[in-house]
Amino acid sequence: MKGLIRWGLIASLAGGSLVSPSLMRQQAAIAIPEAEAVKRLETVPTFAVTDDKGSPVLAAVPNPKDKSKKIQVATFFMSQTDAQTLVDNLKTQKPEIGKAARVTLISLRDAYEITKQNKDKQDEIVFQFIPNKEQVDLAKAILQQEGQEAQNFQGVPMFFAIGGKEKGLLTIEKDNQKIIPFYFRKQDLQGMIDQLKQQNSPLSGTTKIQVTSLDRLVGNLFKSEDAAAQQIMLIPDKNALDYAIQQQQNKGAPSGTPPANAQPEATPAAPPAK
């Protein structure tokens, strides 16, 4: 994070529809167009395992509605190392498939569009997003500290910070733009909080990390009528983003990958919910 960042809180997104029922003050209701909401996903890298022609490698599993039939499963990984592990396993266990398998970078926006286009084919193919296990474990630890049932947590965790007497959402303001950051990687959020402490902000003593899920967060982006939702920014995992940028530098930036400047300057070098 470069330069001095202005920190603040926003007590909005009331009623617990997004993160917490204790956030009380509501701003003017302005629904976000879906196109704008989807655009916020384009700077987040995900990773698929494909063949050399770019077609996804699918797994066949019993259809939960009819065990006598099979259903195809396509997977998007939030971690490039998890995707590479699958490629390595395929090369060893199914060399006829593994010899052409590779990790393919795709933006979360494109992954969302693919799932949307195939939503009427759920008896034939389903898509799953696989979170990094370390981040899931960290999310469960947060829930346990809050006295919640951690074992029920599913999906991709998203970390955010609250603070102050009203337990408002921590915001960042830089270049006259206020954002509410949600992180895919807890350590990246912790880096932001550590800088908050270094700047001797009065908020540093009350700041706490909380967790929600990507499904819930994106779902609320699409349907929220809270003006604060327009300020939400998804901050990619720094490791995944660094890998994506390196791939672009090595091969050029193919369609569907996040741009090299995807990481906002106002952020540190960074599944169901509660």
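Biologist: What separation do Lys133 and Asp137 have in helix α5 (residues 133–145)?
Modeller: This is a predicted model. In it, Lys133 and Asp137 are four residues apart in helix α5. That spacing means they are separated by about one helical turn.

Biologist: What N to O distance do the side chains of Lys133 and Asp137 show?
Modeller: Side chains of opposite charge can pair when their charged atoms come close. A salt bridge needs a nitrogen within 4 Å of a carboxyl oxygen. Lys133 and Asp137 meet in such a bridge, with N to O at 2.8 Å.

Biologist: Is Lys133 buried or exposed?
Modeller: Exposed means over 50% relative accessible area. Lys133 has 57% relative accessibility, so Lys133 counts as exposed.

Biologist: Which residue meets Arg109 in a salt bridge?
Modeller: Arg109 sits in helix α4 (residues 108–117). The N to O distance of its bridge is 2.8 Å. The partner lies in the loop between α1 (34–39) and β2 (45–50). That partner is Glu42.

Biologist: How many residues apart are Glu42 and Arg109?
Modeller: Glu42 and Arg109 meet in a salt bridge. The pair links distant parts of the chain, a loop and a helix. Glu42 and Arg109 are 67 residues apart.

Biologist: Are Asp188 and Arg185 buried or exposed?
Modeller: Their side chains meet in a salt bridge at 2.8 Å, N to O. Buried means under 20% relative accessible area. Asp188 has 3%, so Asp188 is buried. Arg185 has 17% relative accessibility, so Arg185 also counts as buried.

Biologist: How many salt bridges does a search of the whole structure find?
Modeller: The pairs include Lys133 with Asp137, Glu42 with Arg109 and Asp188 with Arg185. For the whole structure, the search finds five.

Biologist: Which charged residue lines the largest cavity?
Modeller: The cavity holds about 60 Å³ of space. Its lining has four nonpolar, three polar and one charged residues. Met78, Ser79, Pro131, Asn132, Gln135, Val156 and Phe184 are among the lining residues. Asp counts as charged, and the lining includes Asp237.

Biologist: What share of the residues of the protein counts as buried?
Modeller: The fold has eight helices and eleven strands. Its accessible surface is about 14,100 Å², with 48% belonging to carbon and sulfur atoms. Of the 274 residues, the buried share is 47%.

Terms used: Residues are numbered from 1 along each chain as its sequence is written. This is a predicted model: local features need pLDDT of at least 70, side-chain atom pairs count only at pLDDT 80 or more; totals for chains, interfaces and linings use all residues. Side-chain values use heavy atoms; hydrogens and water are left out. On a 1 Å grid over the protein atoms alone, a cavity is a set of points where a 1.4 Å probe fits but cannot get out, and a pocket is an open set with protein on both sides within 12 Å along at least five of seven lines; lining residues have an atom within 4 Å of a point. Grid points are joined across faces, edges and corners, and a volume is the space filled by probe spheres set on the points. Helices (H or I, at least four residues) and strands (E, at least two) are DSSP runs, numbered from the N terminus. Buried means under 20% relative accessible area, exposed over 50%, partly exposed in between (1.4 Å probe, protein chains only). Accessible areas come from the Shrake-Rupley method with a 1.4 Å probe; for residues, only the protein chains shown count as cover.
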